[in-house]
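Trainee: I would like to go through a structure step by step. Please start with how to read it.

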Amino acid sequence: MCELFAINAKQPTSANGYLRTFYSHSDLHPHGWGICWRAGDDISLVKEPVRAIDSPRLHALLETPIAQAHLLAHIRLATIGSTNEHNCHPFVTEDESGIEWMLIHNGTVFNDALITGYDGVGQGSTDSERVMLFLRDLLDAAELRKGGELSFDERFAILNSALTKLSNGNKLNILLDDGEYLYVHTNTLKKTLYVKQSPEQAIFSTQPLDDDPAWTPVPMAQLQAYRDGELVREGTPHGNVFVECAIENYLLLQSSN
């Protein structure tokens, strides 16, 4: 599986220590790495289709202070899509209202009926990018129907409904950032997403990155939204829990051949 890391905080938070530990896991996730964060209205995005621990570019990046309030990072173990830069996470897209969304995903979309229309639409060939484009278009369609910009409540409702449907039969650990809110979803029976909460700061990772007992599993099969490091909204648990099975193991083996 891939691994995810994210920061949502009120003030810039030092990430270097967490990121060094996080990227050290790439010995088991060799198919690419990426990182993105927001600096004002601009997004900085760096990703490469190489093993993170072998990347001089990443080593140089981690030698400089990285302190951000909105940051996503990813290491990839490919299941769908070849090993190239376009298939590395994070993915970034802009909706019709001008909001730039950043997304990282750990999982596989086996039941892909909702995203089949996005084959060949994105820059890469991953199901993760197709999920992002699907969610963006749902938000754009709702805004067009309303004739104006959506409120947070409206965005949350749309994403909650979409992820509930999309998680049926699929492994959908997703972190989605719109510059103000971080939307968090996991539905894997085996715990694969944790949060470390402190005042005005929330750190997320596929597995705890230190021995601090503050790391706790993210609730299962339930969309959450964080703002300024605080949990501000929870959806109703939907029950579409993914159980690791032989088909995912088969895809992992195929991608390594």
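Predicted model: local features only at pLDDT ≥ 70, side-chain atom pairs only at ≥ 80, totals over all residues.

Trainee: How many disulfides does a search of the whole structure find?
Mentor: A disulfide is a pair of cysteine sulfur atoms within 2.5 Å. The sulfur of Cys36 is too far for a bond, because the closest cysteine sulfur, in Cys88, is 13 Å away. For Cys88, the nearest cysteine sulfur belongs to Cys2, at 9.7 Å. The number of disulfides found in the whole structure is zero.

Trainee: Is Cys36 buried or exposed?
Mentor: Buried means under 20% relative accessible area, exposed over 50%, partly exposed in between (1.4 Å probe, protein chains only). The relative accessible area of Cys36 is 0%, so Cys36 is buried.

Trainee: Which are the edge strands of the open sheet?
Mentor: Strands are DSSP runs of E, at least two residues, numbered from the N terminus, and two strands pair if DSSP finds at least two bridges between them. The order is β3-β2-β4-β1-β10-β9-β11, with antiparallel pairing. Pairing on one side only marks the edge strands, β3 (42–48) and β11 (215–217).

Trainee: Which residue in β11 stands opposite Lys196?
Mentor: Strand β9 (residues 194–198) runs antiparallel to β11, joined by three bridges. Opposite Lys196 stands Trp215.

Terms used
Residues numbered from 1 in each chain as written. Heavy atoms only, no water. Helix = DSSP H or I, 4+ residues; strand = E, 2+ residues; numbered from the N terminus.
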